[in-house]
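Take a walk through this protein model, one element at a time. Keep the sequence and the 3D view side by side.

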Amino acid sequence: MNAASVPARAAMNATLQRAWSVLETVPDPEIPVVSIRELGILRDVRQGGDGVLEVVITPTYSGCPAMGQIAEDIALAIGNAGLGAHRIETVLAPAWTTDWITEEARDKLRRYGIAPPSGSCAVTEKPIRFVPRSMPHAKETVACPRCGSTHTEKLSQFGSTACKALYRCVDCREPFDYFKPY
Ligand SMILES: [Zn+2]
């Protein structure tokens, strides 16, 4: 065991707790109704070996231009809370998938007018015995976030960002973004 005193450890725990509560409120730059924690981008908040606060994030889509903005927002939130020095650790494995988006965030996306990713894309994580072989590959059903109709059509593979596809609801005629499973 190292020689860190009990008060020092208690202080660090309090710092980590505050950092968590501050960072949980940092919104995603592209979809401000959901936080980076709800999207699964914020992985961990911990004390590094040198005592510095470490914020662990996993980028969503590779090359997503939002990651630089997210790092700036994290720095701002930590600075405003007076939590002192920090560094951002970017962890690429396991790779982020839309499966990490919380249920609460999926509801928020829907209310915001974005269809959340349907189904699961973590195919490689699943034991092969759960894959029904006889079933034809199901066509992706995307429900309209406004009226719930599944009578929708894809207009474009890319919506407002590369992470999303542009759909249109045939029933209510509204176009909407679909957060593609990834
Ligand atoms: Zn609709």
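**A covered strand and its surroundings**

Start with β2, which is covered on both faces: Leu53, Val55 and Ile57 are buried on one side, and Glu54 and Val56 are buried on the other. Buried means under 20% relative accessible area, exposed means over 50%, and partly exposed lies in between, with a 1.4 Å probe and protein chains only. In a regular strand the side chains alternate between the two faces of the sheet. Helices (H or I, at least four residues) and strands (E, at least two) are DSSP runs, numbered from the N terminus.

This is a predicted model: local features need pLDDT of at least 70, side-chain atom pairs count only at pLDDT 80 or more, and totals for chains, interfaces and linings use all residues. Residues are numbered from 1 along each chain as its sequence is written, and side-chain values use heavy atoms, with hydrogens and water left out.

Which strands join β2? β1 runs antiparallel to β2, and 5 bridges join them. Two strands pair if DSSP finds at least two bridges between them. Gln47 has Leu53 as its bridge partner in β2. The two strands form a hairpin with 5 residues between them, and Gly51 in the turn has a positive phi of about 90°. β3 (residues 86–90) runs parallel to β2, again with 5 bridges. Here Ile57 has Thr90 as its bridge partner.

Now turn to α1. This helix has 18 residues and reaches 25 Å from its first C-alpha to its last, close to the 26 Å expected at 1.5 Å a residue. The expected span is 1.5 Å times one less than the number of residues. Met12, Leu16, Ala19 and Leu23 are its buried residues. Seen down the axis of α1, they fall within an arc of 65°, so they line one face of the helix. The arc is that of the directions from the helix axis to the C-beta atoms. An α-helix has 3.6 residues a turn, so residues three or four places apart point the same way. The buried residues of α1 pack against β1, β2 and α2 (66–80). Val6, Pro7 and Gln17, on the other side of α1, are exposed.

Finally, find Glu38 in the loop between α1 and β1. Is Glu38 buried or exposed? It counts as buried, at 3% relative accessibility. Its side chain reaches the backbone nitrogen of Ser35 at 2.9 Å.

Definitions and conventions: Polar contact = N/O pair within 3.5 Å; in protein donor to acceptor, adjacent residues only side chain to side chain. Contact = heavy atoms within 4.5 Å.
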